[in-house]
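Trainee: Could you take one part of this structure and look at it closely with me, then show me how the rest is laid out around it?

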Amino acid sequence: MKKTVLITDLDNTLFDWFEVWYNSFNAMLESVVNISGISRETLIPEIKAIHQKHGTAEYAFILEELPSLNKKYGGRDAIRKEMNEAIENFRNERKKHLCLYPTVKETLIMLKRYNVRVVGYTESKEYYSNYRLHQLGLDGLIDVLYSPPDHKIPDYKNNKTSGLLLHTINKHTPENELKPNPALLLHIINEIGAVPEECLYIGDSKMKDIAMAQDAQGGSTLC
């Protein structure tokens with residue numbers, strides 16, 4: 001059967017997620033240590049606990065929740081003011097390292113010309129995935145984005161993050177359902193009105209992506 005649907009992982013498949021995360025997070029952490037005088041040894045366990053609480057190592061509002069910073073500065077507004085340089089360093093490094101792998105955009109543009117539907121399937125939460133798709137110019141090149149439901153977004157941020165994607169449709173995977181899950185992949189295929197035989201799947205992990213796709217298709221050509 002002719003292939004008419006591409007289902008693709010995002011992080012470390014279309015771009016180097018780890019490079020973006022490591023450089024931006026490390027720049028922020030080093031700045032926090034330098035500004036506050038609080039050691040990495042104190043901050044890292046607090047950061048780990050907050051990441052676990054919100055279910056993501058990308059949690060964007062971590063500084064205002066750190067116990068050590070709250071104790072030193074007394075609340076969100078004061079923390080953000082004192083840590084402005086750390087926040088800017090994070091943003092600058094993120095901007096510097098967030099870029100697509102070579103030929104990714106050109107390939108997606110070509111696929112769209114051939115009327116191939118492109119579906120993104122990621123374990124990164126919608127808040128962060130939407131930002132990256134917007135920044136990378138992928139709005140509309142990816143027709144549908146499947147991602148986990150977001151953690152709670154602070155009220156002061158809600159109006160500033162809506163509407164980033166004007167053309168890509170957002171859909172959520174069930175909460176706490178993670179790769180590899182062949183049944184979930186088949187659900188996605190069914191929901192977009194396709195069948196496995198007309199789909200190709202691309203991912204970077206042999207276990208989470210490739211094995212899942214093979215199991216979904218019984219070891220056939222889905223991946």
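**A close look, then the wider picture**

Mentor: Cys199 has a relative accessible area of 0%, so this residue is buried (under 20% is buried, over 50% exposed and anything in between partly exposed, using a 1.4 Å probe and protein chains only). Before we go on, please remember that this is a predicted model, where local features need pLDDT of at least 70, side-chain atom pairs count only at pLDDT 80 or more, and totals for chains, interfaces and linings use all residues. Residues are numbered from 1 along each chain as its sequence is written, and side-chain values use heavy atoms, leaving out hydrogens and water.

Cys99 has a relative accessible area of 45%, so it counts as partly exposed. The structure holds zero disulfides (pairs of cysteine sulfur atoms within 2.5 Å).

Let's step back to the whole chain. Of its 223 residues, 46% count as buried. The C-alpha trace spans about 65 × 30 × 30 Å along its principal axes. The secondary structure comes to 10 helices and five strands (DSSP runs numbered from the N terminus: H or I of at least four residues for helices, E of at least two for strands). Look too at how the chain contacts itself: among contacts between residues at least 6 apart in sequence, 73% join residues at least 24 apart (a contact means heavy atoms within 4.5 Å).

Find helix α7, residues 126–135, where Arg132 sits. With 7% relative accessibility, Arg132 counts as buried. Leaving aside residues up to four places away in sequence, Arg132 touches Asp11, Phe15, Trp17, Glu58, Leu98 and Ser124.

What about empty space inside? Rolling a probe the size of a water molecule over the atoms shows where such space is left. A search of the whole structure finds one cavity of 30 Å³ or more (on a 1 Å grid over the protein atoms alone, points where a 1.4 Å probe fits but cannot get out, with lining residues having an atom within 4 Å of a point). The largest cavity holds about 40 Å³ of space, counted as the space filled by probe spheres on points joined across faces, edges and corners. Its lining is made of Met28, Leu29, Val32, Leu43, Ile47, Leu63 and Leu66. Helices α1 (17–36) and α2 (40–54) each supply at least two of the lining residues, and the largest share, three residues, comes from α1.

Finally, let's visit some loops and their backbone geometry. Most residues other than glycine have a negative phi, and most peptide bonds are trans. Thr103 has a phi near 70°, a positive value in a residue other than glycine. You will find Thr103 in the loop between α5 (84–97) and α6 (104–113), and its relative accessible area of 53% makes Thr103 exposed. Asn115 also has a positive phi, about 60°, although it is not a glycine. The loop between α6 and β2 (117–121) holds Asn115, which counts as exposed at 65% relative accessibility. Pro180 lies in the loop between β4 (169–172) and α9 (182–191).

Notes. 1 Å grid on protein atoms, 1.4 Å probe; cavity = no way out; pocket = protein on both sides within 12 Å on 5 of 7 lines; lining within 4 Å.
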